Amino acid sequence: MAKNWAIAIGINKYNYLQRLHYAQQDAERVQTFLEREAGFDYVLRMSEEAEDRSFHPTKGNIRRSLRRLAEKAKMGPGDNFWFFFSGHGIPEEGCDYLMPLDGDPDDIKESAIAISDITNILRGCGADNVVLILDACRQGGKKAGKGIGDQTTEMARQTGVISFFSCSPNQYSYEIPELKQGVFTQALLEGLSVQGRCATVERLNEYLTRRVPELIREHGKQHQQTPYTIAEPVSKSHLILLPKYATTADILSLKTDAFEAQTEGNLELAEQLWIRVLAASGGSDLQAIRAIQRIGIALHHPPIQAKPAHEVPSSAPVALERPQKSITPPPVIATPVKSGLKTFSFDGVTVDKKGKETERRKGEAEYFEEDLGDGVTLAMVYIPGGTFMMGSPEGEGDHDEKPQHRVTVPPFFMGKYPVTQAQWRQVAKLPKVKRDLKPDPAYFKGADRPVEQVSWYDTEEFTARLAQKAGKSYRLPSEAEWEYACRAGTATPFHFGETITTDLANYRGTDWEYEGKIYSGSYADAPKGIYREETTPVGYFKVANAFGLYDMHGNVWEWCLDDWHNNYQGAPEDGSAWVNNNDNDNQSRVVLRGGSWIYNPNGCRSAYRSDNNFDERGNNDNLIGFRVVCVAGRTFNP
């Protein structure tokens, strides 16, 4: 298990600087939180009121304590060392200093402690996660701490030390008498506790940036105080500070960073990241365990040299016949060239059982665009690899969604939207591979509406033509990839939460009688909605899941690669397609996912499964479309 050590320093009664009121309480509360709630192994607190004078926060005592702790800790990858300081900080000639109890503002270089020295000592403890938390820009006299941060910010960027600053340079950090606390430390402890549940550096930064100004306003102050965080490289922002509040999406972000580092050949970083994944999962993530084992072998054994390119046979043409034997999934292409990915922002929402919006958040995803000609492009969103529970839990879903089982999915790219009619028309113009394609098969016309009335064989021809044009491995998603991408780290029936509304997706929001059975237009405690009786343009509802994918619930059914199976007994656990189980009754049927405009909300759940014939085009009822997958590493050249 990971080691977690910390030192917390709070100084009120300075010898030569303006005294503070609540810095000592800040350090005491931080120590209590880390020991009782965060489960730290050891926390040393230093204050002027300590009975043991060796724990008084003088310059000599602080430096001595840091050195001894660093030597004693004997930490390694995945371990954490936090340094919290509440008191005065002063810049001097381009350097940032923390002022100890005996710090002299007229002799800063000799009496103060350079933050760079503290960082170097902490990094010497061996922990790859060093967290610096500085509530150290206190308002006061001529040299009370205004302006600290510039040099420390640059140092944090260069060394990879995660640094939380209580305010921006040229601002002060305030104490609020009503709180009996520094406002930054108050927000910090809120964010780390059950109130904020900020498991990651990224989420804690967002909380602090919002909450500190809010607390100041709540207490009638007009002060300007904007905290900020330095976490570089980007993988540091995904560091899980408190595993007990970590979500599946938090762990997936770490896994994405680990996959990327591994793909780029940075095995030491990849090993550190996988160790963090293992710690966040309580040591139970088999994917992390196996990755660490493989990296350990790779680091101690030279790789086998690949053949020169001229000795490798060229790829065979794409075959369109349905395979008659079990197939292995296409390999992940991980070409280590410069990333050509762009980013886009999107809105995501969460609703409660009544369909009431409880959270609206901004997200960001990476993607590339495939140019299809005539101004038409295909946006392909990067989906990080990870592990999830596929199928429905007890109390939800049908027998064919069981048993719920753990599946590990490698990273891939997926269409931001279902394939549109404009995209279909462009690809239909490309040279034929095996079969003809209708140029405009959809019933509900519209360039930005999803194409429908297409068979499984039609989609295979589409992806074959697209692959030939682009020189990439395009195909339909496996059923596991589809559900993993739909859930985007959630475990609820919908990626929106416990239910869904017709304000968020296109489905039948009214009751429906079919073959003597009534299908409800609502799910859980949400109200019924409307029934549009047609498809909507892709992205119509302007909300995406956490991966940045739109229209995963409703609008049109989406074809998958897999043959239909009546349950998940014997299903693959590696994200690959499950084909040809020699069940003659099911041999001509293939999986559909996502629900449609004509289906009720239950059929739009993340785990819901349906099926149809390979050559079926939706019974002319305009129900079935698809989206495509591109199998490639994150750092490839589109």
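**Strands and cores in a predicted model**

Asp-371 has Thr-377 of strand 14 as its bridge partner. This is a predicted model, in which local features need pLDDT of at least 70 and side-chain atom pairs count only at pLDDT 80 or more, while totals for chains, interfaces and linings use all residues. Residues are numbered from 1 along each chain as its sequence is written, and side-chain values use heavy atoms, with hydrogens and water left out.

Strands here are DSSP runs of E with at least two residues, helices are runs of H or I with at least four, and both are numbered from the N terminus; two strands pair if DSSP finds at least two bridges between them. Strand 13 and strand 14 (residues 376–383) pair antiparallel over six bridges.

**Strands and cores in a predicted model**

Asp-371 has Thr-377 of strand 14 as its bridge partner. This is a predicted model, in which local features need pLDDT of at least 70 and side-chain atom pairs count only at pLDDT 80 or more, while totals for chains, interfaces and linings use all residues. Residues are numbered from 1 along each chain as its sequence is written, and side-chain values use heavy atoms, with hydrogens and water left out.

Strands are DSSP runs of E (at least two residues), helices are runs of H or I (at least four), and both are numbered from the N terminus; two strands pair if DSSP finds at least two bridges between them. Strand 13 and strand 14 (residues 376–383) pair antiparallel over six bridges.

As for the interior, a nonpolar core is a set of buried Ala, Val, Leu, Ile, Met, Phe, Trp, Tyr and Cys residues joined through side-chain atoms within 4.5 Å, where buried means under 20% relative accessible area (1.4 Å probe, protein chains only). The largest such core has 47 residues, and Phe-85 is one of those with the most contacts inside it. Helix 2 (residues 59–73) gives the most to this core, five residues. Apart from it lies another core, of 40 residues, including Phe-368 and Val-454.

Conventions
Buried < 20%, exposed > 50% of the residue type's maximum accessible area, 1.4 Å probe, protein only.
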